[in-house]
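I opened the notebook to record what I looked up in this entry. My notes follow the order in which I checked things.

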Amino acid sequence: MIAEVSRAGVQMELNGPFRAVCSALSATLVGIGVARFGYSPLIPPLIALHWFGPAQAAYLGAGNLAGYLFGALSARAMAARLPAAWVLRAAMLLVSASFFACAHPRPFAWFLGWRFLSGLAGGIIMVLAAPLVLPHIPARRRGLAGGLIFTGVGIGIVLSATVIPQLLRFGLGLTWTTLGGLCLGLTMIAWGGWPDGHPATQSPVKTTRWLPATSGLVALLLIYALDAIGVVPHMIFLVDYVARGLQHGIATGAFLWIIFGLGAVIGPVSFGHLGDRIGFQRMLRLTLLMQAGALLLACFSTALWALALSGFVIGAFTPGIAPVMLGRIRDLIPGDIAAQQSAWRLTTIAFALGQAVGAYGDSAIFAETGYRPLFFLGFVAFVTALTIDLVGARRRNFSGTA
């Protein structure tokens, strides 16, 4: 498979749109990989150096998620008034500015505002980047291209686990500034690669296709929200569970986070390419089944190898499900690019809501019960999502709809 992906990537580069894919990858790296996941290793020094207390540092993380939801809600309206490429450029610049703005101790409200704006930019990028680029990619390569785009999230996770701790040795302020410089550099790299106008192969918009896909789209929204709930235990609690809950120490917890990140780098390209080969409906079911198995493994085993395997699988699917969802949307709404973009916006909002509900809900449950029930609840979320997909497919097959 690796050789096939490599050959496909070369072919895509020769065809021209590969530069647009690189722009979108840079955008997800900036808006999600760095802006969200790059904040996690900054929390301990923020507290240790007395910039903020523990509760305030946690609220700054929540501020980014709140901004992400608002960005997902408002991205469509922004793109209706301005070219999507310029909205994306502005979003990447906003993330860069947010890091520079936080390079020195400031009041809590100042940091919260900039963390909210960085999340808003991330939501805009998530909604607009892939739908702008993918119509310019040959249909048989769109799963692979979508996977490459969301690889930026995984690169950001690996960066947060490896490079940022090294930067912190030179000071917290310098770390914020360096991250801002990185984001600005990626913004410049991506600047001229965004496509303008419509692809030559774009089909005419067929708005009548929206209604037959409604039941399938509702099921997809529920599935994506449940998937977001299911990945929360690993995203938020895995490192702490290994480091403090199982008393293996911070270094071991950080190592498992690197494994989680490596999965996030490999997953999007692999699953997007596999979806091109076996179909995205089958790939979605495989996604949910494997994640349920990973959560079940974490429920019943405290062995480090089991938790590492579980973390790798969930890490792979955390960004890896995005190209699968994009492919499934194209299956449900074929030939209607405008409707596909609207559907992707709705699924992004559903994921953001599920992530917020999962984060706050799991935090409350953790305070009362500890770690293990969280993994079981994640398992239940994935099983429920798989059930919705299977039942919905049977009903659509019976009624003869898409």
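**Entry 1: a polar side chain**

Which residues does Asn 64 touch, leaving aside those up to four places away in sequence? I listed Ala 35, Arg 36, Arg 115, Ser 118 and Gly 119. I kept in mind that this is a predicted model. Asn 64 sits in helix H4, which spans residues 54-81. Asn 64 has 3% relative accessibility, and the cut-off for buried is under 20%, so Asn 64 counts as buried. Next I checked for a polar partner. The side chain of Asn 64 makes a polar contact with the side chain of Ser 118, at 2.9 Å.

Arg 36 lies over the face of Tyr 68, 4.5 Å from the ring centre. I noted another arginine placed over a ring: Arg 330 lies over the face of Phe 280, at 5.7 Å from the ring centre.

**Entry 2: the overall fold**

I stepped back to the whole chain. I found 14 helices and zero strands. Read along the sequence, the pattern is α-α-α-α-α-α-α-α-α-α-α-α-α-α. The chain has 402 residues, and buried ones make up 54% of them. I also looked at contact range. Among contacts with a separation of 6 or more, 84% come from residues 24 or more positions apart.

**Entry 3: the nonpolar core**

I looked up the largest nonpolar core and found 117 residues in it. Those with the most contacts inside this core are Val 133, Ile 149, Phe 150, Trp 176, Trp 194, Leu 284 and Trp 344. Which helix gives the most to this core? Helix H12, residues 304-332, does, with 13 residues.

I followed Trp 176 further. Not counting residues up to four places away in sequence, Trp 176 touches Tyr 39, Leu 42, Leu 46, Trp 51, Phe 99, Cys 102, Ala 103 and Phe 111. Trp 176 has 1% relative accessibility, so this residue counts as buried.

**Entry 4: aromatic pairs**

I counted 19 aromatic pairs. One of them is Phe 99 with Trp 176: the centres are 5.7 Å apart, the planes are at 45 degrees, and the pair is tilted. I checked where the two rings come from. Phe 99 belongs to helix H5 (residues 84-101) and Trp 176 to helix H8 (residues 172-191). They are 77 residues apart, and the pair links distant parts of the chain. Phe 99, at 1% relative accessibility, counts as buried.

Is the pair of Trp 257 and Phe 260 stacked or edge-to-face? The ring centres are 4.6 Å apart and the planes are at 10 degrees, so I logged the pair as stacked. Both residues lie in helix H10 (residues 250-278), three residues apart, about one turn of the helix. Trp 257 is buried at 10% relative accessibility, and Phe 260 is buried at 0%.

I also traced a ring cluster. Ring pairs link Trp 51, Phe 52, Phe 99, Phe 108, Phe 111 and Trp 176.

**Entry 5: salt bridges**

How many salt bridges does the count give? I got two.

Arg 285 pairs with Asp 389, with the closest N and O atoms 2.7 Å apart. Arg 285 is in helix H11 (residues 280-300) and Asp 389 is in helix H14 (residues 372-399), so the bridge ties together parts 104 residues apart in sequence. Arg 285 is partly exposed at 24% relative accessibility, whereas Asp 389 is buried at 3%.

Asp 331 bridges to Arg 328, with the closest N and O atoms 3.5 Å apart. Both lie in helix H12, three residues apart, about one turn of the helix. Asp 331 counts as partly exposed at 36% relative accessibility. Arg 328 is buried, with a relative accessible area of 7%.

**Entry 6: a loop glycine**

Last, I looked up Gly 192. Gly 192 lies in the loop between H8 and helix H9 (214-245). Its relative accessible area is 44%, and I noted Gly 192 as partly exposed. I then checked a distance across the chain. The C-alpha atoms of Gly 192 and Arg 89 are separated by 9.6 Å, while the two residues are 103 residues apart along the chain.

Technical notes
Residues are numbered from 1 along each chain as its sequence is written. This is a predicted model: local features need pLDDT of at least 70, side-chain atom pairs count only at pLDDT 80 or more; totals for chains, interfaces and linings use all residues. Side-chain values use heavy atoms; hydrogens and water are left out. A nonpolar core is a set of buried Ala, Val, Leu, Ile, Met, Phe, Trp, Tyr and Cys residues joined through side-chain atoms within 4.5 Å. Buried means under 20% relative accessible area, exposed over 50%, partly exposed in between (1.4 Å probe, protein chains only). Helices (H or I, at least four residues) and strands (E, at least two) are DSSP runs, numbered from the N terminus. Contact means heavy atoms within 4.5 Å. Rings of Phe, Tyr and Trp (its six-membered ring) pair if their centres lie within 6.5 Å; planes under 30 degrees apart count as stacked, over 60 as edge-to-face and the rest as tilted. A charge sits over a ring if NZ of Lys or CZ of Arg is within 6 Å of the ring centre and within 35 degrees of the ring normal. A salt bridge is a side-chain nitrogen of Lys or Arg within 4 Å of a carboxyl oxygen of Asp or Glu. A polar contact is a pair of N or O atoms within 3.5 Å; within protein, one must be able to donate a hydrogen and the other to accept it, and residues adjacent in sequence count only if both atoms are side-chain atoms.
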